[in-house]
Amino acid sequence: MENPPLEKLFYSSLVTEHIVPKGRDFAFKRWHNNLINFAKQYDGFLRCDLCPPLRCKDRVVKWHYIIHFDSPEHLHEWIESADRKRLLETGQDIFNAYRFKSFTTGLEGWFSQQSGSSENKGLGPPRWKQILSVVLGLYPVVMIQAIVFSLLGIMQSWSLAGSMIINNLITSTILSLVVMPFISQRLSFWLQPAYLPISPKTNLLGGIIVVSLLGTMVILFGWILAIAK
């Protein structure tokens, strides 16, 4: 029998925590059953595991459940579905809040294909790829900013502490709003989520592109600085 493609072996799960006022357990379980009945109608649904409640001292109960789908695509369809969003809105009368944990390094948000507050936003690429990609975006922004500010004489008389905070604010804004979305889109074939298999050829190609671009920029900025002197 032919083995299925490796990427089909990676199921996707979403862990959610709901904070429920004490005495509202029955209402929450009824709401949760309704949620699962709707989820079962979506492609790829496997099962949902409801954990025993955690009763806290501040008169609330924490309920956790893990919902499983057979692929990231099917999980995303459920997360972004109108049915789920409507159920979360109606559930506001039952639970105080709900939350999820998805970020690990603090960088994945720049590499997410999703937008908004989607629960699968944190499924980013391996950390070494994130670091290389951030350097690829950060290096030209810092260099161009430094050259332009030097030529125009901006903040030359400022203290190091004052100029540094302004420079960091400008750099972070440009990086987050413009540069990193551009890089993550252009390198999306390489910046795949860590749980998905990727061929050595693709890994090598992406690495060569990033290193080549960094090397080219080092030479280019060195030439510009030499001329500016």
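Predicted model: local features only at pLDDT ≥ 70, side-chain atom pairs only at ≥ 80, totals over all residues.
Colleague: Which residues of α1 are buried?
Modeller: Buried means under 20% relative accessible area. In α1 that holds for D25, A27, F28, W31, H32, L35, I36, F38 and A39.

Colleague: And what covers them?
Modeller: The cover includes the strands β1 (12–21), β2 (45–50), β3 (54–55) and β4 (60–69). It also includes the helices α2 (72–79) and α3 (82–90).

Colleague: Now β4. How many of its residues are buried?
Modeller: The count is 8 of 10, so β4 is largely enclosed by the rest of the structure.

Colleague: Which way do β1 and β4 run, and how many bridges join them?
Modeller: Look at the bridges, then at the direction. β1 and β4 run antiparallel and are joined by 10 bridges. To find the pairing by eye, locate H18, which stands opposite W63 in β4.

Colleague: How many bridges join β2 to β4?
Modeller: There are 5, and these strands run antiparallel. Here D49 stands opposite I66 of β4.

Colleague: How many bridges do β3 and β4 have?
Modeller: They pair over 2 bridges, in the antiparallel sense. L54 stands opposite K62 in β4. The hairpin of β3 and β4 has 4 residues between the strands. Within that hairpin, R59 takes a positive phi near 60°.

Colleague: Let's turn to α2. Which of its residues are buried, and where do they lie around the axis?
Modeller: The buried ones are P72, L75, W78 and I79. They cover an arc of only 125° around the axis, which puts them on the same side of α2. These buried residues pack against β1, α1, β4 and α3.

Colleague: How is a pair of aromatic rings described?
Modeller: Two values do it: the distance of the centres and the angle of the planes. In this model the count comes to 7 aromatic pairs. One of them joins Y42 and W78, at 5.3 Å centre to centre with 65° between the planes, which is edge-to-face. Y42 lies in the loop between α1 and β2, and W78 in helix α2, so the pair ties together parts that are 36 residues apart in sequence.

Colleague: Is Y42 buried or partly exposed? And W78, buried or exposed?
Modeller: Y42 counts as partly exposed, at 22% relative accessibility. W78 is buried, with a relative accessible area of 1%.

Colleague: Which residues do ring pairs link into a cluster?
Modeller: Look for F28, W31, W63 and F95. Recall that F28 and W31 are among the buried residues of α1.

Colleague: What is a disulfide? How many are there here?
Modeller: A disulfide is a covalent bond between the sulfur atoms of two cysteines. The count here is 0. Take C48: the closest cysteine sulfur, in C51, is 8.8 Å away, too far for a bond. Another cysteine, C56, is partly exposed at 26% relative accessible area.

Colleague: Last stop, Q145. Where does Q145 lie? Is Q145 buried or exposed?
Modeller: Q145 lies in helix α4, residues 127–152. At 8% relative accessibility, Q145 counts as buried.

Colleague: Which residues is Q145 in contact with, beyond its neighbours within four places in sequence?
Modeller: Those contacts are N167, I170 and T171. Take N167: in sequence, Q145 and N167 are 22 residues apart. In space, C-alpha to C-alpha, they are 8.1 Å apart.

Notes
Residues numbered from 1 in each chain as written. Heavy atoms only, no water. Buried < 20%, exposed > 50% of the residue type's maximum accessible area, 1.4 Å probe, protein only. Contact = heavy atoms within 4.5 Å. Pairing = 2+ DSSP bridges. Arc of directions from axis to C-beta. Phe/Tyr/Trp six-rings, centres within 6.5 Å; stacked < 30°, edge-to-face > 60°. Disulfide = S-S within 2.5 Å.
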